[in-house]
Amino acid sequence: MNTKENILIIGAGLCGSLLALRLGQRGYSVKLVEKRPDLRKVEQDAGRSINLAFSDRGMKAMRMVGLENEVKKLCLPMLGRMIHDTTGNKFMSPYSGKKEKYINSISRPGLNMLLLDAADKLPNVSIIFNQSCENVDMENTSATFIDYITKEKIIHSGDIIFGTDGAGSVLRNNMFIDKELRLSFSIDWLSHSYKELTIPASENGGFKTDNNALHIWPRGENMLIALPNLDGSFTVTLFLAHETGMDNFNKINTPEKVSEYFEREFPDVVALMPDLIDEFFENPTGTLGTVKCYPWSTFGKTLIMGDAAHAIVPFYGQGMIASFEDVVVLDKFIEKYKGDWEIIFSEYQKERKVDTDAIADLAIDNFSEMKEHTANPLFQQKRKLEIAFENNYPDRYNSKYSLVTFNEDIPYSVAMRRGRAQDKAILNLLDDGKITEEMSLEEKLTLVLNETKDILHDDDVAKNL
Ligand SMILES: Cc1cc2nc3c(=O)[nH]c(=O)nc-3n(C[C@H](O)[C@H](O)[C@H](O)COP(=O)(O)OP(=O)(O)OC[C@H]3O[C@@H](n4cnc5c(N)ncnc54)[C@H](O)[C@@H]3O)c2cc1C
């Protein structure tokens, strides 16, 4: 492998920092350029998902770069969903019937700092902050930046350029403008926006409510969720329609209306959020959308990765994870094709696109599951059955959630196809009364597996017409 090649990476978020670290470990000379200040020195990110759900595919990426043990220190286990109803009752719905399978809450800046620190230690990686990329010359692999401190225009070049500059990627926009490159691009905005709020730690620094769960207040059209932080607080996120339905961001626009809405819909949480009103009006309202585009590479010299290539809505807790998985998949092709970037990029995008499309679609499905279905009796029956299957027959059954979240070697597209067929099978069998109390668990599982096989077969027949 020719390790002398110079790599320029635009954007030192989660994907760009991991990519710089991995390419640095492989011996490439890496320049990572970020528009914001160094988050290890300047506190940032107010109102921007300060914690994230982190699970097995992400851990696989951390293992690849030797940070598994370090990252575990940042993790708070969440064993299931704690569902809250409007009267303050709650119940726990585990993520898996397998005791060792759970997801984690992790600090976004904490994880980003860990990756930046590890990359910074490598002599062949340099990281530059406060420089914003304005334009990329893809054919000549150079990019123009504005330095926010000196106001100077700076040109960085490399043999290869990666765009890990997030959902609003400059590199992707440059690709889109050049019609010769035929970049297909779509953005589907979600009807709902989000706002981050806080349940602070109690006076003695402890948690005010259960810290081993991802809390959900499902309310049909809208929902509230909360994830714990290591300091005893929770980051609470309200997902609320922007302008449609009975309750929406446009209508809830005075302190009285915020109080009325929260007292009515989430009464058990109001007392835990002393700063609710201030935070509601001070914190930004974020928009959510799904970005799909293709191709991701130009001239065998540039590649967009992470949110720049495939931003998704956050309801499967897989956006960052998918961006990390990008780096794992790219690394596999770097190893296989020994630094021949043209073929690496071409094989990478061919394999990866179908999987990032799958997780994008699954994330949209999960929005309905979280805000509506978690409160639905048929859905709850399905989950109970799946938990029993996973608990008693761990080698024979994985729910869709488990396939996506806890099976890091199964591609997202495979997990989606199998998971959707299983869901359809169980829901149909339950609804038709074909799964009865008298049946043994083994009989129920056999019935579900046979029904799933039939559905997958029907799908294949339709696909091959
Ligand atoms: C509300 C919410 C909740 C989420 N929850 C989860 C979750 O629980 N689990 C999960 O896995 N994912 C979650 N995600 C998704 C996750 O945040 C993203 O998928 C992830 O941040 C993508 O990483 P990235 O590095 O590709 O992009 P980003 O994190 O956006 O990083 C891009 C970086 O590039 C920099 N940059 C941008 N433009 C330029 C420029 N012109 N020049 C130089 N630098 C630039 C930015 O400053 C930034 O540092 C959530 C997202 C949201 C909005």
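In this predicted model, an oxygen atom of the ligand lies 2.6 Å from a polar backbone atom of Ala53. Ala53 belongs to a set of 31 residues around the ligand, and it is listed with Glu34, Arg108, Cys133 and Asp307 as those that come nearest.

| Residue | Part of the residue | Ligand atom | Distance |
|---|---|---|---|
| Ala53 | polar backbone atom | oxygen | 2.6 Å |
| Asp307 | N or O atom in the side chain | oxygen | 2.8 Å |
| Lys35 | backbone N or O atom | nitrogen | 3.2 Å |

**The nonpolar cores**

Phe54 is one of the three residues with the most contacts inside the largest nonpolar core, the others being Met62 and Phe162, and this core has 102 residues. The element that gives the most to this core is helix 11, which spans residues 341–371 and supplies 11 residues. Once its neighbours within four places in sequence are set aside, Phe54 is in contact with a list of residues that includes Met59, Met62, Val71 and Cys75, as well as Met320, Ile321 and Phe324. Apart from this core lies another, of 21 residues, and among them are Ala226, Val258, Val269 and Phe280. In soluble globular proteins, nonpolar side chains tend to be buried together.

Where is Gly80 found? Gly80 is in strand 5, which covers residues 80–84, and with a relative accessibility of 0% it counts as buried, because buried means under 20%. Strand 5 pairs with strand 6 in the antiparallel sense over 5 bridges, and the bridge partner of Gly80 in strand 6 is Pro94. Although Gly80 and Tyr95 are 15 residues apart along the chain, their C-alpha atoms are separated by 4.6 Å. Leaving aside neighbours within four places in sequence, the contacts of Gly80 include Met92, Ser93, Pro94 and Tyr95, together with Asn212, Ala213 and Leu214.

These two strands are part of an open sheet of 7 strands, arranged in the order 6-5-15-16-17-14-18 with mixed pairing. Strand 6 (90–94) and strand 18 (285–286) stand at the edges with a single partner strand each, so one side of each has no neighbour in the sheet. Helix 6, made of residues 255–265, packs on this sheet and touches strand 14, strand 15, strand 16 and strand 17, while its direction makes about 100° with that of strand 17.

Another open sheet has 3 strands in the order 9-10-11, and its pairing is antiparallel. Which strands stand at the edges? They are strand 9 (131–137) and strand 11 (153–157), and because each has a single partner strand, one side of each is left without a neighbour in the sheet. From one strand to the next, the twist averages 30°. Strand 10, residues 142–147, pairs with strand 11 over 5 bridges in the antiparallel sense, and Ser142 stands opposite Ser157 in strand 11.

**Strand 8 and its two faces**

Strand 8 pairs in the parallel sense with strand 2 (residues 29–33) over 4 bridges, and within this pairing Val125 in strand 8 is the bridge partner of Val30. In a regular strand the side chains alternate between the two faces of the sheet.

Terms used:
Residues are numbered from 1 along each chain as its sequence is written. This is a predicted model: local features need pLDDT of at least 70, side-chain atom pairs count only at pLDDT 80 or more; totals for chains, interfaces and linings use all residues. Side-chain values use heavy atoms; hydrogens and water are left out. Buried means under 20% relative accessible area, exposed over 50%, partly exposed in between (1.4 Å probe, protein chains only). Contact means heavy atoms within 4.5 Å. A nonpolar core is a set of buried Ala, Val, Leu, Ile, Met, Phe, Trp, Tyr and Cys residues joined through side-chain atoms within 4.5 Å. Two strands pair if DSSP finds at least two bridges between them. Axes are lines fitted to C-alpha atoms, for helices over the stretch in contact, and angles run from 0 to 180 degrees between N-to-C directions. A residue is near a molecule or strand if one of its heavy atoms lies within 4 Å of it. A polar contact is a pair of N or O atoms within 3.5 Å; within protein, one must be able to donate a hydrogen and the other to accept it, and residues adjacent in sequence count only if both atoms are side-chain atoms.
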